[in-house]
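Have a look at the structure first.

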Amino acid sequence: MRYEIRYGSTFSTLFITLSPGESITAEAGAMASMSSAITMQTRFSGGFLTALLKKIFGGETLLVNGFANPTQQPLQIVLTQATIGDMTAVELTQQALCLQPGAYIAHAGAINLGVQWAGFASFFAGEGLFRLKATGQGILFLGAYGGLTPYDLDGELVVDSGHLVAYPPSIQMKLGLASGLIGSVTSGEGLVSRLSGQGRIYLQSRSLDGLVRYLNPKI
């Protein structure tokens, strides 16, 4: 399988070439175009109960689409995401990665998608009680709102609400004030997430919650 991410970090679009016999699984609605010979099969993501848990707790769609190349020649499929922003490909090799709702685009290989308890700190930070969790071996395609930055954490990092896209489950998250009580209120930063541990995390440059707060007074 070959892939290319085009159109920069604002309108990133994923172009995938499937060799004969190859397949890829994508979030429902992610397909923009595909060769007419590619077959598509819609199914529950991991079975009905697992898919229902992912929808309720992981913020993902109930169904996923499997695309396969049954021919003897390479065929292309184009995938997009709902938000305006960047994409990246992550090679999983038996490690796990937790994703914020909406970050998952597609995967290829032996990758399993489930949900994991994220904790009350994640909930009060606006990230939800549960996270989508990807495990196994293969290529995982992620999307972000705005630019997407990988960051190798070794110690601690303060992240504002809504900017954390993905992280290893070994990373610890605590909720806290950006500074003192008065400073947090007057600065407009409020509550932030304090991450600690070691591992590569992924951050997005924009926050959907921030966009909602900006638009609300104007509607």
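## Around strand β2

L14 sits across from L79 of β7. Strands here are DSSP runs of E with at least two residues, and helices are runs of H or I with at least four, both numbered from the N terminus. A quick note before going further: this is a predicted model, where local features need pLDDT of at least 70, side-chain atom pairs count only at pLDDT 80 or more, and totals for chains, interfaces and linings use all residues. Numbering starts from 1 along each chain as its sequence is written, and side-chain values use heavy atoms, with hydrogens and water left out.

| Pair | Bridges | Sense |
|---|---|---|
| β2 (residues 13-18) and β7 (residues 75-79) | 5 bridges | antiparallel |
| β1 and β2 | 5 bridges | antiparallel |

β1 and β2 make a hairpin with 6 residues between them, and Y7 in the turn has a positive phi of about 75°.

Why is β2 largely enclosed by the rest of the structure? Because 6 of its 6 residues are buried, where buried means under 20% relative accessible area with a 1.4 Å probe, protein chains only. Both faces of β2 are covered: T13, F15 and T17 are buried on one side, and L14, I16 and L18 on the other.

These strands belong to an open sheet of 4 strands, in the order β1-β2-β7-β4 with antiparallel pairing. At its edges are β1 (2-6) and β4 (31-34), each pairing on one side only. On average, neighbouring strands of the sheet are turned by 20° against each other, direction ignored; the axes are lines fitted to C-alpha atoms, with angles from 0 to 180 degrees between N-to-C directions.

Zooming out, the protein has 4 helices and 15 strands. Of its 219 residues, 42% count as buried.

The largest pocket holds about 310 Å³ of space. Of the 21 residues lining it, Q81, A82, T83, G102 and Y104 are the closest to its centre. A pocket is an open set of points on a 1 Å grid over the protein atoms alone, where a 1.4 Å probe fits, with protein on both sides within 12 Å along at least five of seven lines; lining residues have an atom within 4 Å of a point. The volume is the space filled by probe spheres set on the points, which are joined across faces, edges and corners.

Conventions
Two strands pair if DSSP finds at least two bridges between them. Buried means under 20% relative accessible area, exposed over 50%, partly exposed in between (1.4 Å probe, protein chains only).
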